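Please look over the model below before reading on. My notes follow it.

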Amino acid sequence: MVPVEKALQLVGNRIKPTQETITISMSDSLGFVLGKDILSPINMPPFRQSAMDGYALGSTEEKTFSLIGEVQAGDDKDPELKKGEAIRIFTGAPVPSEAKLVIMQEKVDISENKVILHESVKPNANIRPAGEQIKEGEIALTKGKTITAAGIGYLATLGITHIEVYKKPSIAIIATGNELVPPGQKLKHGQIYESNSVMLSSALKTSGFADISFYKVEDEYQATRSIIEKAIQQYDVVLISGGISVGDYDFVGKVLRDLQVDEIFYKVKQKPGKPLYFAQKDNTTIFALPGNPASSLSCFYIYVLPALQKISGLQEYHLTRTTSISNSEYSKKGERAEFLKASLKNDKVTILDGQASSMLRSFALANALVYLPEEVSKVNPGDRLQVINLP
Ligand code: AMP
Ligand code: MG
């Protein structure tokens, strides 16, 4: 059995970012990590652009200008503009080559085709020079950057349609257990609904992992072995739910050992989630998660999600940890470190009722986990606690 911090460290050390890149369209790229620097294919803005609705002026000394024409956004024209002449112009329109500045329409009076100024003007005012934001050939975003909505917008302004990103892992979820039936069917005595696969796949989707396949297997050695063996060959990551405890019908541990995976740890000194198993074989990462739903999801957030994020090239691959003041009193029963479903509000944290590993109700209400390290045995209101924000 390894302590929590050691288990986290082992996951962090063993998981390596992928080197494999793929080219995807901008609209699918949210949350991916850039596998290559992106150079701007154009100047942005592409031309001298008006930043205001107003008048482009042909000189700076006069106070009265003759209005000789108009340029609208999208116009493809470059009218001549002499000293003492002005052209009506709008935000985003190309500024005539000879214009010295653009003056805001609010700052002038118009009378009989004359533009009349009341104050002195500054050369280049209200003009966005071509390439002001970025010039053609300059680096727009660097390799390693995670693509956000703003990033997608920014690259779209440069006309980019496809980018090279690190491939996200393909993931298999294998649910074990004779007692499990899909929601929607009527339960027979002794049966329960299978909830871990939909829960885990939803947690995966929340964090941008979409390549997910599902398997269900009975508690039987050979069937378990053949599914796990195939999954290890086919997927980058295999998540197994249940069957990893010490019961007579828990075959996952035996199968993994017989398949000669590289076992990195089995059992973590934590509650919930003690039977967590972490292994690798060839290029596949394997997590066997305890079947109890709350244990499964805790282990997912604490170990699996950071591992997946690191594989995908993310630099920040841990859930945000903060500290917060406890509203609650709580006594630990054993020695193990605990992860407690909690509600975090206005920097105060409340430990929720119903912490048993079989219960998801408190998890469904939680937005955070409180981490109580091994050495903490009692929590009092006012204590400062370590808190992990849930995505
Ligand atoms: P196990 O880890 O297989 O011993 O399962 C521990 C507990 O979790 C048992 O009560 C199982 O019925 C329950 N369980 C296991 N897998 C699932 C699942 N996929 N969905 C819901 N409950 C499960
Ligand atoms: Mg089971």
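Predicted model: local features only at pLDDT ≥ 70, side-chain atom pairs only at ≥ 80, totals over all residues.

1. Residues are numbered from 1 along each chain as its sequence is written, chains are lettered from A and ligands numbered from 1 in the order written, and side-chain values use heavy atoms, without hydrogens or water.

2. The protein has 7 helices and 28 strands. These are DSSP runs, numbered from the N terminus: helices are H or I with at least four residues, strands E with at least two.

3. The radius of gyration is 31 Å, whereas a compact globule of 391 residues would have one near 21 Å. The radius is taken over C-alpha atoms, and the globule rule is 2.2 Å times the number of residues to the power 0.38. Along the principal axes, the C-alpha atoms fill a box of roughly 95 × 50 × 45 Å.

4. Of the 391 residues, 48% are buried (under 20% relative accessible area, 1.4 Å probe, protein chains only).

5. Is strand S13 enclosed or open? In S13 (residues 171-176), 6 of the 6 residues are buried, so the strand is largely enclosed by the rest of the structure. Ile-171, Ile-173 and Ala-175 point one way; Ala-172, Ile-174 and Thr-176 point the other.

6. What pairs with S13? Strand S16 (residues 212-217) runs parallel to S13, joined by 6 bridges. Ala-175 has Lys-216 as its bridge partner there. Strand S17 (residues 237-241) is also parallel to S13, with 5 bridges. There, Ile-171 is partnered by Val-237. Pairing requires at least two DSSP bridges between the strands.

Notes: Buried < 20%, exposed > 50% of the residue type's maximum accessible area, 1.4 Å probe, protein only.
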